[in-house]
Amino acid sequence: MTVRSSLLAASALLAATILPAHAAPATDAPRLAALLAMPYANGLTGAAGAPRVAWVERRNGIRNILVSDGGATPHRVTAYTQDDGTDLWGLTLSPDGRMLAFVEGGDPEYPDDAPPNAGNAPVPGKQTVRVVLPDGRIVTAGEGHAPTFSPDGRQLAFAHGGTLLVGRAGGVPRTVLTTPGAITALHWSPDGTRLAIEIDRGSHALIALWQDKPGNEAPVFLPAALAQDQMPAFSPDGRSIAFVRARTPLLTAERGKGHFWSIQTYDIATGTERTLWTAPEGAGSRFWAPEGMGLTWTGDGRLIFPWEGSGWLRLCALPVAASPPTPHCLTPDGAEIATYRLSADRTHLLYTANSGDLDHWRAWSQPLDDTPATPLTAEDEQVTNLTTAGQAIAVMATGIAQPAHPVVLQNGGRRVPVTATVPDGFTFTAPQIFHIHGADGYDIHGQLFLPPATTPGPHPALIFVHGGPERQMLPAFNAMGYYSNAYIMNQLLAARGYVVLSVNYRSGTGYGLAFRDAPGIGRAGASEYGDVHAAGLYLRARPDVAPARIGIWGGSWGGYLTALALARDSALFAAGADFHGVHDLTEPDHPGLSPEEKQQARDSEWRSSPAADIAHWQAPVLLIHGDDDHNVEFEQSTLLARMLTARNIPFEDHIFPGERHAFLRTQDWLAAYLWTLHFLDAHLSAGHEH
């Protein structure tokens, strides 16, 4: 029996056992299973000196690692066969591409916590660094994460908590350093003689230098501060290190005031540090950059770094030798960047950005001499991730009907190693970009999923609210697995007769600093809910929508906004599905604030919480949560269930024992979405085949 048929059989059994016979068409379970089984790729990496790329593919719920040379048909280097929730991540190729290191198990967000056991195996797996050798054999390096090959490919370093392990690539490593806190990232010097080590100690973060010198392996700590030192980058000659020093502002800090981050340099020979540049007051005075972004040295002595000085996240260059150095921004204003690299010859800046269309991301190439950028990818795909592989460029692309998949660009050509096939009987339709005005007139973007034109209306309708909240939904598959699944669900809901509106509310990314860091968002007043409410009013006013049958669904911060909508506006939102949402935002303490300021903060947090409006809640809600969630406390859902019970508010609840925040098993996504379809159909009177 194939894995696909196993999934389909499981989905049919699930539908028969947990859903009433009238709940949804019999085709829903196998159709949804087939959609979730489509191949989804992530973790793209490239070799420094060869056009070889590797990535993780999740197909039929099973993860395996694929390798492709120059975009040719890939070969699989692992042989996993179970949808058991064991993640594969942290991929890195040796410079020549002949070896691959990766992490099996664990959680990339919480690598030093106990590994998840979503499949409830009798003996839980460990977080293990493994190495694929040139002959295809896989050997175990040890427990840990963040594997990193030296520039010559001969050594492999990785971390396990506060322990640094180094050894011959493919051999047995030795412990060379143990330090309090957690090692979060490793960076080799260009000559491979040193490692810069990022160490998180909670209240502050440090950078240490380790050198392989027999008899003297003690680390040298860069001069530290009461701050978060991060993102170290060796100069091309290896003589100095640049890094970011950031401080977290208090809740009472006025926006745009204060100097909260700087770029520092450290001279290795002399052991001296200096402040190269400090972010001025105003926009960009607080440090922010997407995960994985760092500093990069150019060949002419400039440092490239991300900065929101114009109100948009751009790449800027800082001439290190100038006195004083003044940053010059390279990427266009009015757009944001998501990732970047220097080309192999170090003459071009390669990056992904939403230049020209805030709802469309492309890969761009821009000479470092300030001549205009040229697009590398097509207008009909979304690209937010980019890497290099020798002289080639590799991107992760998505489309309206294509989940995330790698594309390799080289010598003017374009190769796609894997193309997904849409399951028979289903058609993905292009979501419409829509704009509405918030209560204050602000322009809010989103995507509208419409039922087939042959489906008679008026239709039930749904608002979809993403999590994060620093995310942006797009009119195509999302590059994140969580939202790739949500896109499938929204497409299926529309195909079944719902009008679905995915709203990019304030506090999300892609639309500039003023949008992401808008006044009163989150715990400071939940102002972003105004955008969600405006989207609900928009749906109610549409002639093709049944105004009494509007619901809302989302997870994480989207679960929070779902609960907030039902608590505040049950007259507008008739039902909702709340995946692992936050329901009480109050924090236990706020260091550095006066008693009066602490009370003001708690009052604001409470007023921003769904729990504060429980007395107005009337609409039924579906609650789904994994009880090994490390992002949102499981108690947030148990608390809400207790409050709803006390007030006789109808709810349905489901738990996944052992699951994390973003469910690790595809079969659990399938179960959760089938529960959601049944619940929404029952309360919004839809879900019949047309």
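A: Two strands pair if DSSP finds at least two bridges between them. Helices (H or I, at least four residues) and strands (E, at least two) are DSSP runs, numbered from the N terminus. This is a predicted model, in which local features need pLDDT of at least 70 and side-chain atom pairs count only at pLDDT 80 or more, while totals for chains, interfaces and linings use all residues. Residues are numbered from 1 along each chain as its sequence is written, and side-chain values use heavy atoms, with hydrogens and water left out.

The part to look at is strand β34, residues 443–449. Five bridges join β34 to strand β36 (residues 499–504), and the two run antiparallel. Across this pairing, L448 stands opposite L501 in β36. β34 also pairs with strand β33 (residues 432–437), again in the antiparallel sense, over six bridges. Here F434 is the residue that stands opposite G446 in β34. β33 and β34 form a hairpin with five residues between them. In its turn, G441 has a positive phi of about 90°. Six of the seven residues of β34 are buried (under 20% relative accessible area; exposed is over 50%, partly exposed in between, with a 1.4 Å probe and protein chains only). The strand is therefore largely enclosed by the rest of the structure.

Next come the nonpolar cores, each a set of buried Ala, Val, Leu, Ile, Met, Phe, Trp, Tyr and Cys residues joined through side-chain atoms within 4.5 Å. The largest has 46 residues, of which I463, L561, F573 and W617 touch the most other members. Helix α6 (residues 557–568) gives this core its largest share, eight residues. Apart from this core lies another, of 44 residues, and F428, L493, A671 and L680 are among them. Leaving out residues up to four places away in sequence, F573 touches I463, Y529, V532, G536, I550, G551, I552, A565, L566 and A619 (contact means heavy atoms within 4.5 Å).

Rings of Phe, Tyr and Trp (its six-membered ring) pair if their centres lie within 6.5 Å; planes under 30 degrees apart are stacked, over 60 edge-to-face, and the rest tilted. The rings of W277 and W307 have centres 5.0 Å apart and planes at 80°, so this pair is edge-to-face. W277 lies in strand β20 (residues 272–278) and W307 in strand β22 (residues 302–307), so the pair ties together parts that are 30 residues apart in sequence. W277 is buried, at a relative accessible area of 8%, and W307 counts as buried at 12%. Y482 and Y483 form a tilted pair, with 4.8 Å from centre to centre and 50° between the planes. Both of these tyrosines are buried. Y482 and Y483 also belong to a cluster that ring pairs build, together with F464, W553, F579, F656, F663, W669, Y673 and W675.

Elsewhere, an open sheet of four strands has the order β25-β26-β27-β28, with antiparallel pairing. β25 (337–342) and β28 (374–375) are its edge strands, each pairing on one side only. β28 is joined to strand β27 (residues 362–367) by two bridges, and these strands run antiparallel. The bridge partner of W364 is P375, in β28.

A search of the whole structure finds one disulfide (a pair of cysteine sulfur atoms within 2.5 Å). It joins C316 to C329, with 2.1 Å from S to S. The link connects distant parts of the chain, 13 residues apart: C316 is in strand β23 (residues 314–319) and C329 in strand β24 (residues 328–329). The torsion about the S-S bond of C316 and C329 is about 75°, so the disulfide is right-handed. C316 counts as buried, at 0% relative accessibility, whereas C329 counts as partly exposed, at 21%.

At 1% relative accessibility, V53 counts as buried. V53 and A389 are 336 residues apart in sequence, but 6.4 Å apart in space, C-alpha to C-alpha. Setting aside neighbours within four places in sequence, the residues in contact with V53 are L44, T45, G46, L66, V67, S68, L93, A389, A394 and V408.
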